[in-house]
Every structure is written in structure tokens, then in C-alpha cells.
Amino acid sequence: MMPGASLSVENAAKEAAIATNAALERHRARLSARSAYLSRAVEHDPALLVAAVHALSTCHRKDEVTQRAEALGAVHGFIGPAAMRALRVRKRVETLRIVLAEAETRDIATAYEELSDLAAGLISAAVDVATREHEANRGPAPCGFAVMGMGKLGSRELNLSSDVDLIFVYDADPDEDTEGRTFRWFRRLCERLVALLSEVTADGFVYRVDLGLRPEGQTGPICNALDALERYYEAWGHGWERVAWLRARPVAGDVALGARLLKALQPFTYRRFLDPKAIDEIRAMKAQIDARARSRADAARDVKLGPGGIRESEFFAQAHQHVYGGPLPALRVRGTLAAVDRLVAAGLVGEDDGRVLNEGYLFLRSVEHQLQLVEDRQTQTLPSDPEALSFVATALGYAERGAFEADLDTRRAAVSALWAELFSGGDPVATEPMLDEAQDQQLRRLEAIPKSPFHPRHAVTGVALRRAILHAASEAAEPAQALALFGDLVARPRIADPLLAFLETHPTRARLLLHLLGSSRLLGGRLVNDATLLEDLVLGPTAGLPAPQALPARFAVTDPDLETAWEDLRARQHREVVRIAVADLAGQLDVNAVGRALTAVADAAVQTVVARVLSDLDLGPDSLAVVALGSLGAQALLYASDLDLLFVGDASADAALLAKACQRILRGLTLDMRNGRLWDVDLRLRPSGHHGPLLVTWESLARYQLTEAAPWEHLALTRARVVAGTADHATRLARTVCAVIELPRDPAAIRAEVHRIQERVLAEATPSDPAVIDLKLGRGGSAMLKVMVATLRVLDGGRRIPPGARPTRALLPELVEAGMLGRVESEALGEALDHLHRAESRLRLRFDRPAHVLQRGSDASDRLAHALGFHDVPGRPGRVRFEETTDRLRDAVALAFGRHVGG
């Protein structure tokens, strides 16, 4: 090695050491500001902080699969005291990593999810140890065994000092276990499992284990056969047990067995129809909670059990799930935040009330977290000592104690008011809400529409409906928009009469309707213009999304008049997009599922237009192929995506007739009609771009790509897919793509060219104002990430990454397997892409326009942040957290692009 190289390595080592020391001191200072207990712990054992900081730098966030794998690795080959120590050491290091991450991000929701996933991993490892020990003494397990996580563990909401509520189940028929041998085998296993977790050693304990939720509580058997559990709940189950099973999930052992148990208990957990008895049960449980809270001398200082506390937010959500979860399957989710979001989406809770509940819950969970951090105590009670309370306030980001106490009182009072109304039997719309100027203007318009319940002729008969509509509108994301679109509905005579008659007898649907009208201009506009869609989504039971293979039949248009057929097709396509959007807003689809669903709709629409045009011109299906590129080709459409298309014809067919077919297909897809257009179509990715012919042959396409195409055109070809055509067309396209990808290349030249083009895009297409965030085209945007992945595919040359169009999100793990990306880097890029796509989609739904540019600090940024679940937490508004998260993820994309492409 040359002396200069040696010096360079030495300097790099020194810089790394300095950076590591700086990180240690930064995290040590954060601990000192928040936790006397942890500060003493890392001072006593410096290796603990080093290990936690290293784990944090390696992986900022770990999911349950990762936690389970790492915990099993930590106890591999260990039994007895060695296994117990391994479990306890891992608990300490990982808990400190999670605490450090939360101190940096103030993201308490992620912290309690990670604490829950850590618990699931450690319990899985303990099951592994106990099983190996037990099988060594008593032979192999007689059947499957699962650990059900209940309470906060089940809903992934554990706090730092939580007990873990568990129920143990094994897969045997109790009627066949006449001598009790299977039961005794698992009883001893469970006893050992509890000891592994809860026994106090020199290294402490892992978790306190609470088995009180099992059948017959502390007096019941420690474990139960699956069939016995089913019979118990069918015959003896109580209302509170139904509520308890709302949050249950399998966390260790045979997860499939746990899933079978949940499915078997579903009729017990969720009544099929609304049941007045369920409301009575909830009222009784609520009365018990209120009585316990009042009986405590320190109730006012208890952020969990006191008025407006954590328990009230949790139970508010669970109560609605208990009552409505049977007829409304969308409500069957675990976790308070997710449940409240689903209640808002279903129209059972107003958007403002949902925000009060979620932000109040996150605020109090942050306070609880800080209280338990101070001295590692299982407490939710604020200190009575002013100095100690000031420490809590400062640690949460408040300049002084009074501001913290005022914020605390305000949030608890708001939650407490909602709690007081919970199934109280009172009229929640006894008074009319205050209106701002924009809402008042829309109200005056409603008063002038004869059919409207606000018209003077309905002054006496329409009081209840008027109040219901005003309250529903006031709780929507955009109240004035909700009232304006409602006015558009009642101005249509054929819609107004049946709609108003229905809403008078179904007030919860009024809330759902106004919520949809006020949450999205795209949804609202289409509901107003499509009476069938309105009836389907609001006035009747909501239909689920059809299977992709069923869409072509749904889109089949047979009217002989082409214009009428295209109008019909638009109505059907809009209906399916709105169904997807409603499911999206309700939280039933993640962003990748939305992309697949929108792609299936676009595929079916294109196929319908192509088939009709070819049939009208007497052209066979083998004469023309439509190739999708871009987001459509990659099967990852967004609401605002164009369709990037390429027309490829058979060389033996009539070229003039094929060109005519292409023009008709374009007209069918893009013609503006009463129902708008199907999609915008972009043809710039065809050979030679705007200057090239609209139609190419397979031979000319291959020749152009192999001899003339620029590198960026090769990148685009990695996402090519035949969307309308025959199997032979797909084979031909695959052959061309493989030939192009396998071309010999100079990697440095490719990287330099891609980098040059990317810099030009940044210079020409994105704003220079740093206050503007471009989610798509800006530095670190979604387009940059897609270009980077396409570049890596081309550089791979098809050696390790198989050709074929797939979503960028799905390609990231493949690049890890190929050794082209690191696992942690891939996870960060996947998180970034999901976040950017979700933000783009919500902007489209909110404002009904292609939107990927956002002004920092704007009202739109604030509303988008809350729509994406970035609620306000102590010391950090939701908008700030959203913008910081966006910046962090875009930085990760830009760094990865620089590392793998250049710049």
C-alpha cells in the first residue's frame, strides 16, 4: 500500500472515531435531559450506550419480523441462565435504541409500535428456549402452540413499563386428551415460559406477564385447547371479553394457529348486526371506568385513568368497534389511531373529533412515556412536586411548566367532552355549529334551493336534518366544500327527493356523505355527477373492490354509437376509481395496493377501447399491441398519473388502417366528454419522441432501441409491459427488452449520462425556492428514486435482476438479493417511496388536480400532514413532523442516487 493510501485510511479511521464519539455525546446529552435512570445506567455500563447507538445507526426502525429473527439469533444454542441473560441484555439494548430514536424524532407512535414488536420478538425467543428445554426432558411437542398478545401488546401500543397480557392456546381436542397428558405438557411449558420472561435475575426481568384475560381469569387453567376456548366464549363469554379480543393477535409460536383462533372467535368478537345489547354493555363498562376514575384521590394527575385520559380515548374507539364492527368490517383494526381513522372514514366520528382524539392520545402517550423514562417506574401519574413537573415539561419541549399544564388541560377537556357524549342517549346536534364566512356563503346558497332542507319552506319540518348536515359539514376536512357540493346534489331534482328522504331516516349516512364531499374534491365531484355511484357508496351497502380479472367484463361497452359507448366507459371507470379512493381514505388499502388497483382499472379501460376500435375496423387482435411504460407499465399508478403508451403494429398489416386505429384509440382514451376523460396519455416515450411516428413495428422498435436509443430510453424500457395485445406480443416485447438490457455498456459513461439528465430535470422542472417541496421531480423525489433503480437494472444487464416490468417498490428487495443495495438502505428507500407516493395521492384527492409541489408552512402542508397521520405531539406540530420526515427521506434518496449513479 502506498504511504498516501495508508495516511488516507488512518485519517478516515480518525474521522469515523470522532463521528462516533460525537454521536455518543449527543445521545448522552438527550438522555440526561429526559431520564435520570437511563443516564445512571449508561454511566455505570458505557457499553450499553455504545451498543444502542450502533444499533440505531445500523437500523433506525425494526419491524416485528426483524425483531423476531434477531431475538431468535440472540438465544440460539442457549438454555437456562445463559438464555435468560441473552433475553434481558437484548431487551436493554433494544429498548435504549427505541428511546434514543424517539428522543430524536418525537414520534411516539413509532416508539410504542417498536416496543410492541420488540416484545413479540423476545416472547418468540422465550418460546423457542422453553420448547427446546421442555422437549429435551419430555419429548417433542404433541401439537401446535401459540401465544396470543392481548391489550396493548395485541394492538402494538406497549409503553416502556407495560405488562404483557398473554393467552396461551394449543391445538388439541380436549375430548381426546382424556388423561390430560397434552394439557400437562403445555402447562409446564407455559410455566417455564412465564419464568423466562418475568423471573428477576441479576440482569433484571424481561416483562411482567399478566394472564388475567384468559378464561376464568387467575383461577382458570394457564393454557387452553383451541376447541375449549371456542366453547367457553360461545357459552360464557362476557361483553368485556368481546372488547378484549378486538385487540388480540398472535405474537409467538404457531402464528397460523393463532390466526385460526381469531377467525373462529370472530362471530363472538363482532356481532353480525347492530345489537342494542352491545350499547348497554358499553354503557355499563363506561360507568365502571368512570366510577374507578372518580374513586382515585390522584385521578386529576393520572394521564391514563383520569378524566380525558388515555383509557378514555382507547375505550372510545373500542366501544364503536364493539357496536359497529360486525356490520362494518372496515372497523376491524387494532390500535387506537387506526380505529379512530376508520371511524372518521365511516362517518361515525367527525374529522375534527377524530383529530381531537388522536392528537390527545398521542399527547398523553408522550407524557406517559416521559413519566416512565424518569425513573423506570410503571406510572402514569404526574408528579405533585412543582420542580419534578417542570422537568417533565422541559423534557417534552415546553419552555415553562405553565404552558405544558395549559396544553394538558385543554386536550384532556376536549377528550373528556367526547367521552361524556359516548352513547349517552343525548342529541349530539341539539345546537348548530358556528360558521365561518365561506361556510355561511354556501349556507345562503342552500337557502335559495327549493329542494334544500335549508329553504324557508322547510323551516319547521327540516330542523333535525339541517342540524345533522351542518354538524357533519363542520366536522369534514373542508366544511365549505362539503356544503357547496351538497348544494350541487340537492339542486338536482331527481337526486334530491330520494337523497333527503334517506338522510332523514339514516343520520349516520349524512355524516358519511358530508365527510366524503368535504374530504376530497375528486370524490365529491364524482359523487355529484354520478347518481349510481352515490347510491352505491352512500345510500346502500358499500361494495368491495372487484378482482382485477373481473374488470374487463365490467367495462364491456356494447352501444353501437361510439360516443355513447365512450361516455358509458367513463362512468364505469370513474366509479371504480372512486371505490378505490374511498377504500384508500378509509385506510383499507396501503399505497402499493392503491397503485395495483388503479393499474387494473387502467388496464381494463385501455383493453376495452382497443378491443372496440379493432373490432369496428375489422382488425384482428394480433395486428396491434399497446405497450405501457412509466407508472402504468410498472403497475404502480397514482391518481394523477398519465398513461405512457406506445403503439406497436404488425409489419404485415395495413399500416394506414393501423394508424387510423391508433388515432381512434387515443380519441377514446382522451376525449373530453360530460364525464370528463379516462386518462391523459403521454406518447413521448415512443422512438424519437414527439418527432417519431405514432405507430412503429416490432422490427423498427428493436432496431431503434439497439442502435439509436439514448440511455434514458433504455431505462424507460425496463418498465415496458404489453397492456393490450396477445401472448405473442408479450413474447416479442420481452425479447427486445432482454436484448437491450444485455447490451455491452460502459458503466461510468451510463452513470455520467443519467446524472447529466437528472441535473437538467432538476434545473428545468423544479422550483429553486427552498421553501417549496417537490415530492416527485425535486432532489430526492420519487422520480429520482425510480431513475436510480432503472439505472441499476440496466447496469446489471439482466445477470441477477430478471427483466420484466415490476413496481420500483418490489424491485428494492431484488436489488438487495443481487448485492446492489444494502438491506438497511433498501428499507429506507422503500419507506421514502411509500411516503412520497402517499403524499402525492392525498394531494390529488384533496384538490382534484395533479399535484406534487407543496409550500413549506402552508395551510395545504398542514392539512396534508394531518391527512397522512402526522398529528401534533408535545413540542412538535404535525406539519413540522411531516416536513422533517419528508426532508429526511428525500435526503436518503438523494444520497443513494449519488452513491449509485453519481452527483
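Burial, cysteines and overall form of a predicted chain

Me: Is cysteine 662 buried or exposed?
Reply: This is a predicted model in which local features need pLDDT of at least 70, side-chain atom pairs count only at pLDDT 80 or more, and totals for chains, interfaces and linings use all residues. Residues are numbered from 1 along each chain as its sequence is written, and side-chain values use heavy atoms, with hydrogens and water left out. Buried means under 20% relative accessible area, exposed over 50% and partly exposed in between, with a 1.4 Å probe and protein chains only. Because its relative accessibility is 0%, cysteine 662 counts as buried.

Me: Which cysteine sulfur is nearest to that of cysteine 223, and how many disulfides are there?
Reply: With a disulfide taken as a pair of cysteine sulfur atoms within 2.5 Å, the structure holds 0 disulfides. Cysteine 223 is accordingly in no disulfide, and the nearest cysteine sulfur, 4.3 Å away, is that of cysteine 190.

Me: Among contacts in the chain between residues at least 6 apart in sequence, what percentage joins residues at least 24 apart?
Reply: A contact here means heavy atoms within 4.5 Å. Of the contacts between residues at least 6 apart in sequence, the share that joins residues at least 24 apart is 72%.

Me: What does the C-alpha trace of the chain span along its principal axes?
Reply: The spans are given along the principal axes of the chain. For the C-alpha trace, they come to about 95 × 85 × 65 Å.
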